[in-house]
Amino acid sequence: MSSETYYDDFLYPILYREGNIFEFFDKIFDFLYRRTDFFKFKDESSTLGLADGEAEKIVRTVFCKYMEKAVAEHRSQIISDVEPVPLDFVAEETVVTTSNPECDAVPLTPSIEECVDSKKAEIPVRREEDETDPKVPIMDPDSYNGACYDDYSWAQTIRDADIHIKVPANVTSGKQVRVNIQHAHVKVELMKNNEWSTLKEGDLSWRINVEESTWTLVPGEEIHICLQKIQERWWDSFFIGEPKINLRAIDPSIPYEDLDQESQAKIEELMYNEHLKRLGKPTIQQSKIQNILKDAWDRDGSPFKGQPFDPSVLDASSANGSI
């Protein structure tokens, strides 16, 4: 596993659970606030903390690093589709662009900017997937591993399937809605002019557990139906007959909250151990071993009894490194 993706298995459960970037960063900075000295101000009485403005500078520097990378990739994709620019002209340019003025970026010169803009209109919009596959980016929780349509979207995990059906703004009470969930069929009706009219109906791609399935109304916005699958498998469509998604493009990871308590505890322990390593402190297991060694150090019969505890004598660090 490369160093770039090493922490993905720890960070992705947080992102998926929170559902959006703002909440994700909120949890990250909350952790820094509670468990580190990142938000503490350094003064003469303490060596902990950062100087005024240093924390903000760190965040801005890291942000600019990846924004510049994103801009460079975007530019290379656009320029690869336009006519080649003479090499001697490129050699005169030093271009680092971002949308953040604090990143001290050098703007595009008018000549190269006009060249790119004039060609962008001629470049057809590209789709990485076939047009029959309406799967949207993974960042949208309402269509996670699913698809999005004009009137509804659906998402899934290996155990559940969710559908979000849009309703008119005047639908504000559960009495205006009737949802019929069957093992292989779903029908949603709305009360209109004192009569029931079908809003959405279809046969499910696979059978579901009716007793464990539920629905809720978000007044004026949507009806959310959560179905529990009978079989743990990935669906290529929610309803029979609708366009199928590409199953090879889904994210097969199990959400953090769906893991058993033992697995969650193990992930939390790994994350905490990684935090301790960054601070230069021993991990939980290393601390346990040192406590055992320290207890045995001064026991009767120990050749080190009465001497200050020195774990290096016992090669404790070497032993801990193999854990």
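**Reading strands, helices and side-chain contacts**

Guide: Both faces of strand S2 are covered: Tyr-152, Trp-154 and Gln-156 are buried on one side, and Ser-153 and Ala-155 are buried on the other. The model is predicted, so local features need pLDDT of at least 70 and side-chain atom pairs count only at pLDDT 80 or more, while totals for chains, interfaces and linings use all residues. Residues are numbered from 1 along each chain as its sequence is written, and side-chain values use heavy atoms, with hydrogens and water left out.

Visitor: How many residues of strand S2 are buried?

Guide: Buried means under 20% relative accessible area, exposed means over 50%, and partly exposed lies in between (1.4 Å probe, protein chains only). In S2 (residues 152–156), five of the five residues are buried, so this strand is largely enclosed by the rest of the structure.

Visitor: What is the order of the strands in the sheet of five?

Guide: Strands (E, at least two residues) and helices (H or I, at least four) are DSSP runs, numbered from the N terminus. Two strands pair if DSSP finds at least two bridges between them. Here the order is S1-S2-S3-S8-S7, in an open sheet with antiparallel pairing. The edge strands are S1 (147–148) and S7 (208–218), each of which pairs on one side only.

Visitor: How many bridges pair S1 with S2, and how many pair S2 with S3?

Guide: S1 and S2 are antiparallel over two bridges, and Ala-147 stands opposite Trp-154 in S2. The two strands form a hairpin with three residues between them. S2 and S3 are antiparallel over five bridges, with Asp-162 in S3 as the bridge partner of Ala-155. A hairpin of three residues also joins S2 to S3. Further along the sheet, S3 (residues 160–166) pairs with S8 (residues 222–229) in the antiparallel sense over seven bridges, and Ala-161 stands opposite Leu-227 in S8.

Visitor: Which strands stand at the edges of the three-stranded sheet?

Guide: That open sheet has the order S4-S5-S6, again with antiparallel pairing. S4 (177–181) and S6 (195–203) each have a single partner strand, so one side of each is left without a neighbour in the sheet. The twist averages 15° from one strand to the next; for angles, axes are lines fitted to C-alpha atoms, for helices over the stretch in contact, and values run from 0 to 180 degrees between N-to-C directions. S4 and S5 (residues 185–192) pair over five bridges, and Ile-181 stands opposite Val-186 in S5.

Visitor: Is His-185 buried or exposed?

Guide: His-185 is found in strand S5 and is buried, with a relative accessible area of 16%. Its side chain is joined to that of Asp-203 by a polar contact of 2.6 Å. A polar contact is a pair of N or O atoms within 3.5 Å; within protein, one must be able to donate a hydrogen and the other to accept it, and residues adjacent in sequence count only if both atoms are side-chain atoms.

Visitor: How many salt bridges are counted?

Guide: Side chains of opposite charge can pair when their charged atoms come close. The rule asks for a side-chain nitrogen of Lys or Arg within 4 Å of a carboxyl oxygen of Asp or Glu, and by it the count comes to 10 salt bridges. Lys-27 forms one with Glu-23, the closest N and O atoms being 3.8 Å apart, and another with Asp-26 at 3.7 Å, N to O. Glu-18, Glu-23, Asp-26 and Lys-27 are linked in a network of salt bridges.

Visitor: Where do Lys-27 and Glu-23 lie?

Guide: An α-helix has 3.6 residues a turn, so residues three or four places apart point the same way. Lys-27 and Glu-23 both lie in helix H2 (residues 21–35), four residues apart, about one turn of the helix. Asp-30 and Arg-34 have that four-residue spacing in H2 as well, and form a salt bridge with closest N and O atoms 2.8 Å apart. Asp-30 is partly exposed at 32%, and Arg-34 is partly exposed at 49% relative accessibility.

Visitor: Which residues of helix H1 are buried?

Guide: In H1 (residues 8–18) they are Phe-10, Pro-13 and Leu-15. Just after H1, Gly-19 takes a positive phi of about 90°.
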